[in-house]
Amino acid sequence: MRIFRLSICAAIAWSLTAMAQTPEPYVVSVSIQPLREAADRVKLWKALARSAQDGALAVSKDQTVEDALRAKCGSAPADLIGQVAKLNPGVSLAPEDSERRLRFFPCPYWYFGAAGVPPTTNIRAGESLAVVTETLMAASGGKTLESVRALNPGLFDTQGIAMRDGSLKLPYIAKRVHIPLEGAASAASVAAPIVNALPPETKKITKAKGPELSPNEYQLVATNAVDIQDAATECLLPDSTAAWPVDIAAVHQAVETLRAGLRVPPSPGLILIADTGVDVADPELKGSFWVNEYVANDYPSPTNYRNDLHGASMVARSGDADALLPPAPGYAYATHGADIARIIVEPGAREAALSARTWIAIAKLNDSLSPFRIGIESVPTALNYARLIDADVVNLSVVIGAPTENLRAAFNAATFVIVAAAGNHSDWVDTLRIYPPGLTQGREKLIVVGAHDWEGKRASFSNIGQYVDILAPGCAIRITDAAGQSRIISGTSFAVPFVSHTISLMRAVGVPQHPVALKLRVLATGRFDPRLEGVTRYGVRLDMERAIRVKEDSLVLIETTHDGQATERIVYGTIEPGEYWSCYIAGAGKIFRPNDVYKVVVRDDGGKRKPRVWTLGPDGGSLASTDCPDGFEQASLRFKAQGDADAKAYPWSSIRDVVPRLRF
């Protein structure tokens with residue numbers, strides 16, 4: 001796919017960039033600031049409808065047209081609803097008992113918050129206001145910056161640099177609208193009517209940033225370099241050289257406690273690292289590799305790959321040691337695959353028992369000759385290879401400009417979880433058009449991972465948006481290389497192995513090889529952080545220990561320290577049998593039972609604490625949320641904490657979230 005990007009703000013100037021010189025169809029990508037006047041918006045809607053007449057609005061079962069518009073466009077003003085009605089004569093705006101696909105057009109995304117509360121994100125001391133607004137509002141002009149300053153008095157210095165960590169209120173969140181080019185149409189001919197439909201003060205068009213991705217070749221997300229100058233300041237890296245962003249001792253205890261109770265302890269979880277290759281003789285990785293028993297015993301491999309003892313090159317179809325080696329010295333990302341492997345094996349180096357709970361196999365994606373490209377069939381081939389070796393999870397850090405049918409088919413056929421890096425553009429995945437992260441279908445077995453720092457805040461370089469499922473540590477991770485030297489690495493590529501390792505350990509404690517169940521468990525047990533709402537799909541960051549403790553219910557309590565600071569503490573135990581939660585939604589009563597719930601989050605909304613219940617989504621591979629605006633009818637949750645003789649009543653006002661144990 002070829003992409004043009006335009007940004008529309010305040011006077012006129014043009015800049016168009018072709019993203020790839022291939023015969024794939026073009027897309028014009030336009031960033032339009034919110035229009036206040038209904039008459040101006042109507043002109044824009046009509047121009048967009050003329051530019052793309054084959055668009056569609058998906059309306060789920062039991063969803064109103066207004067809610068569908070909010071999901072797609074961020075907001076649903078009456079004039080936009082009116083356009084839907086005109087395009088679909090006789091359409092019912094109310095919910096119906098089946099899914100619908102209505103005529104529609106590409107729309108810009110304008111989100112203004114909920115219940116009168118503006119959208120918020122977290123900001124770190126030292127961050128630039130202009131960078132944040134460019135990312136989240138698609139604008140960084142003087143008026144934009146002043147509007148944000150007015151909502152956040154005292155947060156920024158005169159240069160627009162944040163003076164402290166905090167929550168940043170925004171007037172709105174804006175994303176680009178994408179308009180496909182049909183036939184021989186040019187980007188200019190499609191963009192011009194849209195520009196002309198705007199009021200005069202919003203007609204400035206400037207060049208917008210974006211990745212130059214080919215639809216015919218994969219690219220490591222690491223090629224968009226992460227430049228960390230001061231890890232202590234930018235990633236909040238602790239001084240201790242022994243620090244690790246996950247409590248390995250707690251993870252080790254959780255794994256071994258569960259395995260001790262199993263009649264037949266399972267084999268280690270198997271991670272296929274689909275990347276740049278690894279030196280299987282690396283002393284830091286020795287003993288961590290999966291072993292193909294057929295090849296080890298001098299039998300032909302049933303995979304039809306030659307000598308794939310520890311994995312194989314997807315291009316050479318060989319597992320010979322030299323075929324698995326990273327590209328020759330001089331290739332900028334020669335250590336990338338090995339660095340990912342080091343993150344996975346590090347916990348085993350600190351807690352020896354963990355080293356026996358995960359195996360890694362190698363799927364080298366690069367061509368063997370310079371420039372060591374990653375061809376269009378490398379990733380689908382790796383996913384098919386994962387099926388052949390019965391992998392539990394594929395660790396993936398490459399992206400492409402357009403998904404192929406073979407990629408979609410490989411996703412559909414997957415019997416494992418695919419964990420993919422979100423990318424390092426500090427931008428919205430859905431506007432970048434990068435794949436697999438940007439896939440809109442076939443995501444049931446996919447987890448897209450962004451990066452957070454050592455205090456759980458989104459790393460400044462991490463991509464964001466509704467296509468990013470979860471954050472994991474990925475900012476200033478210390479590893480030891482093959483020469484025994486300590487290095488610090490950052491990027492969403494290095495957040496992915498934390499999630500992959502979590503899934504492999506869940507398999508090692510007996511969780512069945514059900515990729516959707518494994519995926520949803522990881523997401524549901526993620527630690528909810530209000531600062532991450534709006535910048536990720538679920539507002540959570542990885543909690544390895546909680547994901548692994550699959551046979552216990554858990555809740556996060558909000559407590560107050562002696563100096564008046566709020567803190568959170570996780571408690572494991574058992575939700576009392578017969579417990580249920582009920583609330584009224586649009587005048588109708590609804591009952592939730594733990595067996596049907598993945599997570600309950602109690603959110604702070606306009607001074608009130610409102611529960612949000614996560615259940616299985618309609619696609620069978622995601623989590624859908626239901627808000628209880630007036631709270632639960634039950635004032636408390638009865639829960640027996642580990643070590644307590646009896647259950648206690650925990651007020652919902654003291655609870656951040658609740659996660660029932662894993663059930664099938």
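The stops below follow the disulfides along the chain.

The model is predicted, so local features need pLDDT of at least 70 and side-chain atom pairs count only at pLDDT 80 or more, while totals for chains, interfaces and linings use all residues. Residues are numbered from 1 along each chain as its sequence is written, and side-chain values use heavy atoms, with hydrogens and water left out.

The structure holds 3 disulfides, a disulfide being a pair of cysteine sulfur atoms within 2.5 Å. With bonded cysteines counted along the chain, the pattern is 1-2, 3-4, 5-6.

Select Cys 73 and Cys 107, which are joined with an S to S distance of 2.1 Å. Cys 73 belongs to helix α2 (residues 65–73), and Cys 107 to the loop between β4 (100–104) and β5 (109–111), 34 residues apart. Helices (H or I, at least four residues) and strands (E, at least two) are DSSP runs, numbered from the N terminus. Both cysteines are buried, meaning under 20% relative accessible area with a 1.4 Å probe, protein chains only.

Next, select Cys 235 and Cys 475, whose disulfide spans 1.9 Å from S to S. Cys 235 lies in the loop between α7 (231–234) and α8 (248–260) and Cys 475 in the loop between β20 (470–473) and β21 (477–480), so the bond ties together parts 240 residues apart in sequence.

Finally, select Cys 583 and Cys 628, joined at 2.0 Å. The torsion about their S-S bond is about -55 degrees, so this disulfide is left-handed.

Note on methods. Buried means under 20% relative accessible area, exposed over 50%, partly exposed in between (1.4 Å probe, protein chains only).
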